[in-house]
Amino acid sequence: MDYAASRDEALARIAAAQDLGALETLRVEFLGKQGSVSGLLKTLGGMSADERQAVGPQIHALRESVSEALTTRKAALESAALDAQLAVETIDLTLPASETPRGSIHPVSQVMDELAEIFADMGFAVATGPEIEDDWHNFTALNIPESHPARAMHDTFYFPDKDGEGRAMLLRTHTSPVQIRAMLGQGAPIRIIAPGRVYRSDSDATHTPMFHQVEGLVIDRGITLGHLKWTLETFLKAFFERDDIVLRLRPSYFPFTEPSVEVDVGFAIVNGKRVLGGSGDAPGHGWMELLGSGMVNRKVIAAGGLDPDEWQGFAFGAGIDRLAMLKYGMDDLRAFFDGDVRWAAHYGFNPHDVPTLSGGVGTAA
């Protein structure tokens, strides 16, 4: 496909748009859910790594060119419309002034938007699941036996009632049940992230009874630990907006992955703040555990209705609140939920600053 010709045709049609209505029609035609450019982006998920490396930059360049042209043309049309309006209207100084925007985007909401933007660029979809779960989806299907400590009352918020099949009901302790629901609901291949609220009976400066997690899951043929490492490196470099992020993978244990790895990231202390970047083995640096991950356990793949001899995959999980703390310099997790307007005004984000990879995923207000 001649992407340059497609770009030139699209830019010419955008430049010829005579009003905002016509421009919006073009935006939907190119960048809407069923748009031509959006369709090209979706095809990347079905390509091989070599094909994506060859074609991906051209498709992303096409999207950026069309997006920038739409923004520029929209600004020009709006300016022309305003000039025409001012030419025929006068200002009534007795009318009340328009209100300035109040409030701000909470850092957790901001980080969720950043995660969605970054992973969408890698071909991931966003999946959700219920916060009130049954113990089969939350524990059993994830290879967590009845004797596991997480099933104890001191770790988990249970409900007194059971579901129609006699299963115990609880506030989900992680977003991992979405893995099972996605496999059962859509089959394979799968590329999803599952951000959302989770609940555990724990509370201190770095733990709260309710917090936020993001789960990542890839199921396909021929998936290896190398794919996992590349995905996490690409994600963390984009999220922290640094090219010198260095990861260290340590063997660990999680019931739902085998093998399992803890992911450490190099950091240094700068002006009393922990700053991610560089190797943890470098002078003045250290390693910090950031998230857990691993290859999806065969029992979990089977519980999801798939053949573990045919399908493999990896999964990872990270605390969204912790990611926000590391990126934006917050030091107490409990402040996220205090509702202090002064805290939100200091750390919050302008609702008009939508995170984008081209404009910056972490632009503060």
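Mentor: The chain has 11 helices and 11 strands; helices (H or I, at least four residues) and strands (E, at least two) are DSSP runs, numbered from the N terminus. Please keep in mind that this is a predicted model, in which local features need pLDDT of at least 70 and side-chain atom pairs count only at pLDDT 80 or more, while totals for chains, interfaces and linings use all residues. Residues are numbered from 1 along each chain as its sequence is written, and side-chain values use heavy atoms, with hydrogens and water left out.

The C-alpha atoms fill a box of roughly 75 × 60 × 55 Å, taken along the principal axes. Of the 365 residues, 41% count as buried; buried means under 20% relative accessible area, exposed means over 50%, and partly exposed is in between (1.4 Å probe, protein chains only). Among contacts between residues at least 6 apart in sequence, 65% join residues at least 24 apart, where contact means heavy atoms within 4.5 Å.

Now to the sheet. Three strands form an open sheet in the order β2-β4-β3, with antiparallel pairing. The edge strands are β2 and β3, each of which pairs on one side only. From one strand to the next, the twist averages 35 degrees; the axes behind such angles are lines fitted to C-alpha atoms, for helices over the stretch in contact, and angles run from 0 to 180 degrees between N-to-C directions. Two strands count as paired if DSSP finds at least two bridges between them.

Follow the pairing on each side of β4. Strand β2 (residues 132-134) is joined to β4 by 3 bridges, and Ile-132 has Leu-171 as its bridge partner there. Strand β3 (residues 158-162) is joined to β4 by 2 bridges, with Lys-162 partnered by Ala-168. The hairpin of β3 and β4 has 5 residues between the strands, and in it Gly-166 takes a positive phi near 80 degrees. Look next at the side chains of β4 (residues 168-171): Ala-168 and Leu-170 point one way, Met-169 and Leu-171 point the other way, and all are buried.

Another strand worth a visit is β8 (residues 257-270), where you will find Glu-262. Glu-262 is buried but has no salt bridge, and the nearest side chain of opposite charge, Arg-250, is 4.8 Å away. Here a salt bridge is a side-chain nitrogen of Lys or Arg within 4 Å of a carboxyl oxygen of Asp or Glu. For charge, Lys and Arg count as positive and Asp and Glu as negative, while His and the chain ends are not counted. What Glu-262 does have is a polar contact of 3.3 Å between its side chain and that of Ser-252. A polar contact is a pair of N or O atoms within 3.5 Å; within protein, one must be able to donate a hydrogen and the other to accept it, and residues adjacent in sequence count only if both atoms are side-chain atoms. Leaving aside neighbours within four places in sequence, the contacts of Glu-262 include Phe-254, Glu-289 and Leu-291.

Helix α10 (residues 320-328) has 8 of its 9 residues buried, so it is largely enclosed by the rest of the structure. Among the buried ones are Asp-321, Lys-327 and Tyr-328. Just after α10, Gly-329 takes a positive phi of about 75 degrees.

Finally, some backbone details. Most residues other than glycine have a negative phi, and most peptide bonds are trans. With that in mind, Ala-188 and Pro-189 are joined by a cis peptide bond, with omega about 5 degrees, and Pro-189 lies in the loop between α7 (177-186) and β5 (190-199). Another cis peptide bond joins Glu-258 and Pro-259, with omega about 0 degrees; Pro-259 is found in strand β8. Asn-143 is not a glycine, yet has a positive phi of about 65 degrees. Asn-143 sits in the loop between α6 (135-138) and β3, and is partly exposed at 23% relative accessible area. Asn-271 also has a positive phi, near 55 degrees. This residue, Asn-271, lies in the loop between β8 and β9 (273-276) and counts as exposed at 79% relative accessibility.
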